[in-house]
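Here are some exercises to work through with the model open beside you. Try each task yourself before reading its solution.

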Amino acid sequence: FLTLCKEAKHNGWINCEEKLPEKNGRYLVRVKSSDGTADIYFDTVDNYSAGKWLIDEKSKGFEKKAIQWMEVPK
């Protein structure tokens, strides 16, 4: 997984505000997570389905949001 993340940094990320995947599937995702006091960024693999990232979540002052994505490198 760490190798995939390192490779992604060299291949470029796509900003979620500019473009979303055209089809459902699993993608390498950069996530911003915040508890209201601090922001944390991490990379993971997440599912994109029906126009939404499954990792996106808001509840009781806690937020996780996909901010960048790319195809999972082979």
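This is a predicted model: local features need pLDDT of at least 70, side-chain atom pairs count only at pLDDT 80 or more; totals for chains, interfaces and linings use all residues.

Residues are numbered from 1 along each chain as its sequence is written, and side-chain values use heavy atoms, with hydrogens and water left out.

**Exercise 1.** Find which strands are joined to β2 by bridges, and how they run.

Solution. Start with the terms: strands are DSSP runs of E with at least two residues, numbered from the N terminus, and two strands pair if DSSP finds at least two bridges between them. Strand β2 covers residues 25–34. Next, look at β3 (residues 39–49), which runs antiparallel to β2 and is joined to it by 10 bridges. Here Val31 faces Phe42 of β3. The hairpin of β2 and β3 has 4 residues between the strands, and Gly36 adopts a positive phi near 95° there. Then turn to β6 (residues 62–71), also antiparallel to β2, with 8 bridges. In this pairing Ser33 stands opposite Lys64. Finally, check the cover: 7 of the 10 residues of β2 are buried (under 20% relative accessible area, with a 1.4 Å probe and protein chains only).

**Exercise 2.** Work out what the side chain of Asp46 reaches.

Solution. First place the residue: Asp46 lies in strand β3. Asp46 is buried but has no salt bridge (a side-chain nitrogen of Lys or Arg within 4 Å of a carboxyl oxygen of Asp or Glu). Arg26, the nearest side chain of opposite charge, is 6.4 Å away. Beyond four places in sequence, the contacts of Asp46 (heavy atoms within 4.5 Å) include Tyr27, Val29 and Trp53.

**Exercise 3.** Describe how the rings of Tyr27 and Trp69 are arranged.

Solution. Begin with the count: the structure holds 4 aromatic pairs (ring centres of Phe, Tyr or Trp, the last by its six-membered ring, within 6.5 Å). Tyr27 and Trp69 make an edge-to-face pair (planes over 60 degrees apart), with 5.3 Å centre to centre and 85° between the planes. This pair links distant parts of the chain, with Tyr27 in β2 and Trp69 in β6, 42 residues apart. Both residues are buried. To finish, widen the view: Tyr27, Tyr48, Trp53 and Trp69 form one aromatic cluster.

Terms used
Buried means under 20% relative accessible area, exposed over 50%, partly exposed in between (1.4 Å probe, protein chains only). Lys and Arg count as positive and Asp and Glu as negative; His and the chain ends are not counted. A polar contact is a pair of N or O atoms within 3.5 Å; within protein, one must be able to donate a hydrogen and the other to accept it, and residues adjacent in sequence count only if both atoms are side-chain atoms. Rings of Phe, Tyr and Trp (its six-membered ring) pair if their centres lie within 6.5 Å; planes under 30 degrees apart count as stacked, over 60 as edge-to-face and the rest as tilted.
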